[in-house]
Amino acid sequence: MSSPSTSLRTAGRRSLRPADSARRRRRLELAFFIVPALVFYLALVLYPILQAVHYSLFNWSGLGTLSDFVGIGNYRDAFNDPEFTGAIKHNFILVGLSLVVQFPIALGVALLLNRPFRGRRAARIVFFAPYVLSEAITAVIWLLILQPDGLVDRGFQSVGLGGAVQLWLADLNLVLFTMFVVITWKYVGFGIILLLAGLQGIPQELHEAAAIDGAKSWTMVRYITLPLLGPTIRIWGFLSIIGSLQLFDLVWIMTQGGPAEASNTMATYMFNNGFVRYEFGYGSAVAVILFIISFALALIYQRFVLRRDTRGALTRMAG
Amino acid sequence: MFRRWKTWALLLGTVAVLASLGGLTTAAQGKTAGPKAVTLTWWHNATADPGKSYWAKVASDYHKLHPDVTVNSVPIQNETLQNTKIPLALQSNDPPDVFQQWGGGVLGTQVRAGKVADITKYVKPWIKLLGGAVAGWQYQGKQYGIPYNLGVVGFWYNKALFKQAGIAAPPKTWNDLFTDIAKLKTAGVTPIAIGSKDRWPDAFYWDYLAVRVCSKTTLQQSAITYNFSDPCWTKAGTLTQQLLNDKPFQNGFLATPAQQGAGSSAGLIGNGKAAMELQGHWDEGVMNGLTPNQKGLGSNLGWFPFPSIPGGKGVPGAALGGGDGYSCSWKAPEPQCADFLKYLVSVPVQKGWAKLNIGLPTAKGSESALGDPILRAVAKARSASPFVQTYLDIAYSSTVGQALDSAIADMFAGQKNPQQVVQAIAKSAKSSH
């Protein structure tokens with residue numbers, strides 16, 4: 001009884017030792033790589049979020065101690081402020097427009113750029129270039145282009161459409177859509193590059209087989225390209241939604257949310273009410289609302305849209 | 001269990017090591033500043049020349065005079081400085097020692113939070129040199145800052161365009177202004193340029209009209225009681241609306257910035273695209289910088305005070321104005337900091353600054369150094385004003401001040417009437433005071 005067990009144990013011990021040290025080394029490696037990231041995450045992401053939640057319960061000028069506790073008062077004020085609900089509406093208009101307008105453009109251009117033709121490399125650079133610019137530079141360039149009698153107005157005039165010239169940034173009913181055009185100009189290149197990368201991953205054989213079966217090019221796009229591009233499209237949608245919700249730089253530099261709050265986004269409203277007015281408690285409440293809306297949308301999107309991708313990947317791997 | 005505990009211990013250990021490393025670096029940094037040698041970090045808004053180089057020179061000159069004090073001049077873009085940099089820095093443990101101070105309601109907020117040094121006892125021997133200008137940098141009778149630049153708002157105008165429209169002399173009354181606007185329109189000239197994108201230029205009109213129609217007591221009390229029930233406030237709005245209905249502004253003015261680029265309101269005046277602009281005393285420097293030769297309109301540029309309103313309850317000749325100053329933060333070495341402020345507003349330094357023609361010096365006897373005849377005229381108007389009301393967005397707490405600017409901007413965009421403007425201001429005052 002005892003001898004086999006001892007022998008087993010010794011055998012086990014002999015084989016355990018290297019495994020044990022390997023495990024320890026793996027843990028050490030894990031700690032080495034994870035801890036710095038974890039520290040930064042806790043200190044620079046989680047802690048500030050919790051702090052913002054804390055501040056949001058006070059009436060606080062940003063200076064001095066937190067003493068004037070108002071509970072959910074700031075949140076109530078925010079939802080009672082038509083300027084804030086207006087800003088939320090603007091964000092969702094931008095989300096909707098981004099998905100509906102930018103996607104067909106990005107897909108069309110990506111399909112085009114995926115075909116071999118002379119000057120393709122140059123065309124890719126042209127489409128992607130705006131994405132490389134910072135938002136601040138984009139905003140300043142477009143301010144110049146859009147100013148009355150600027151490049152856009154002259155362009156319209158030179159093709160005999162002088163009557164179509166509008167006050168692109170000064171018209172309350174138009175300014176949000178002007179902003180959307182600028183956003184599209186800046187970010188559609190990113191969508192194109194993402195979709196192009198996705199297209200490269202689609203095996204050519206499928207198209208060849210379909211061609212032999214007599215499929216037309218639209219049929220191939222509909223039944224081969226789009227389904228196989230699904231994961232890329234869904235990720236693009238995710239990034240587009242989050243980007244539209246958090247839009248700040250472009251709007252702040254170009255219009256400061258004006259005129260008369262017509263182009264306010266949640267983020268510009270937050271900056272205006274938090275920093276410019278020294279109402280840091282209220283600004284924090286707005287920031288928390290912005291965070292919750294973005295976070296909730298991200299979770300819903302992951303649950304209902306992106307989940308299919310992970311499941312597909314996992315089953316394929318298992319099979 | 002044990003293994004897991006060990007992993008956690010390892011994690012915590014690494015955290016501790018990292019944290020102590022952080023501590024070590026801070027300790028090392030703390031040691032470099034000796035007990036005697038003092039460094040003053042100075043945040044100001046002179047990001048462009050000639051102001052930028054001049055402040056850098058002042059900083060090094062001061063170091064030459066006081067070898068134990070090093071002044072570190074840090075120029076920061078004005079709006080960033082005012083809206084984010086200063087509030088965040090004051091709340092942190094590492095604020096600048098000397099920082100740009102606009103006075104008024106924001107100064108009050110900073111003082112109540114204990115973030116600004118009381119320099120009353122240091123400045124007492126010499127503050128008379130600055131005269132009445134210092135009032136905007138006081139809070140409850142104590143001095144918390146020193147102004148080096150104080151000006152009044154008025155109309156900058158293009159003499160050639162006025163002449164072209166057949167206007168012999170700048171308007172004296174509110175009605176004259178409308179007559180001249182009509183003449184300019186007939187001559188095909190944009191009468192008034194305004195930078196409504198920035199909101200505060202809109203408020204200049206409303207503020208100035210309030211200065212004309214509200215009594216001095218009403219104006220001064222409003223910054224204490226935040227009571228806006230006097231009908232004169234609505235009257236200021238009605239008069240503003242009257243101007244708006246006349247459509248004197250450039251095409252697309254709602255999106256025009258005040259000071260950035262040739263398409264800004266200052267740029268339009270400087271480049272001869274509009275006849276006049278209601279702006280602060282700094283406007284000449286701004287508009288010159290926005291013209292191709294940096295010279296602006298030259299001798300064609302003129303200045304006239306805001307027109308009078310017959311029957312208004314305001315002090316005749318009163319002006320709307322404000323300025324720039326510096327404060328010492330709660331962390332600053334007080335005697336050295338106060339002495340540096342004294343140096344900044346000493347007559348030789350102020351004279352040198354006045355020569356740059358970018359503002360109106362506050363130290364008595366330094367105005368003569370203003371090389372520009374128009375600035376000398378503005379300085380004269382400032383001295384002649386029986387009463388200078390600080391811009392209302394500065395005089396009030398930042399919450400009320402910004403709500404005021406925002407409500408008036410809404411009126412300029414056709415989204416609020418005069419009553420709604422007063423209601424919006426009163427509402428923000430009620431919720432924050």
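How high does the pLDDT of chain B average? Chain B averages a pLDDT of 89, and 92% of its residues score at least 70; pLDDT is the predictor's confidence in each residue, from 0 to 100. This is a predicted model, in which local features need pLDDT of at least 70 and side-chain atom pairs count only at pLDDT 80 or more, while totals for chains, interfaces and linings use all residues. Residues are numbered from 1 along each chain as its sequence is written, and chains are lettered from A and ligands numbered from 1 in the order in which they are written.

**View 1. Confidence along chain B.** Let us begin with the scores: the model has ipTM 0.80 and pTM 0.81. Within chain B, strand 8 (residues 190–192) has the highest confidence, at 98, and helix 1 (residues 2–32) the lowest, at a mean of 49. Helices (H or I, at least four residues) and strands (E, at least two) are DSSP runs, numbered from the N terminus. Over residues 20–35 of chain B, pLDDT stays under 50, and the model has one contact beyond four places in sequence for them. Two residues are in contact if their C-beta atoms, placed from the backbone, lie within 7 Å.

**View 2. Where chain A meets chain B.** Here 25 residues from chain A meet 33 residues from chain B. On the chain A side, helix 1 (2–55) and helix 11 (266–276) each supply at least two residues, and helix 1 of chain A gives the largest share, four residues. By class, this side of chain A has 15 nonpolar, seven polar and three charged residues. Ala, Val, Leu, Ile, Met, Phe, Trp, Tyr, Cys and Pro count as nonpolar, Asp, Glu, Lys and Arg as charged, and the others, Gly among them, as polar.

**View 3. A413(B) at a loop.** Look for A413(B) in the loop between helix 17 (398–412) and helix 18 (418–432) of chain B. A413(B) is buried, because 21 other C-beta atoms lie within 10 Å; a residue is buried if 20 or more other C-beta atoms lie within 10 Å of its own, exposed if 12 or fewer, and partly exposed in between, with C-beta atoms placed from the backbone. Not counting residues up to four places away in sequence, A413(B) touches L172(A), P259(A), A260(A) and L254(B).

View 4. The buried residues of helix 2 of chain B are G51(B), W55(B), V58(B), A59(B) and Y62(B). They cover an arc of only 100° around the axis, so they sit on the same side of helix 2 of chain B; the arc is that of the directions from the helix axis to the C-beta atoms. Turned away from that buried side is the face with the exposed residues S60(B) and K64(B). The buried residues pack against strand 1 (38–44), strand 2 (69–75), helix 13 (334–344) and helix 14 (347–354) of chain B.

**View 5. Two domains of chain B.** Chain B is divided into domain 1 (40–88 + 96–151 + 321–389) and domain 2 (153–319 + 391–432), with bounds from an automatic or database domain assignment. Their C-alpha centres lie 26 Å apart. Between them, 28 residues of domain 1 of chain B are in contact with 26 residues of domain 2 of chain B. Helix 15 of chain B gives the most to the domain 1 side, with seven residues.
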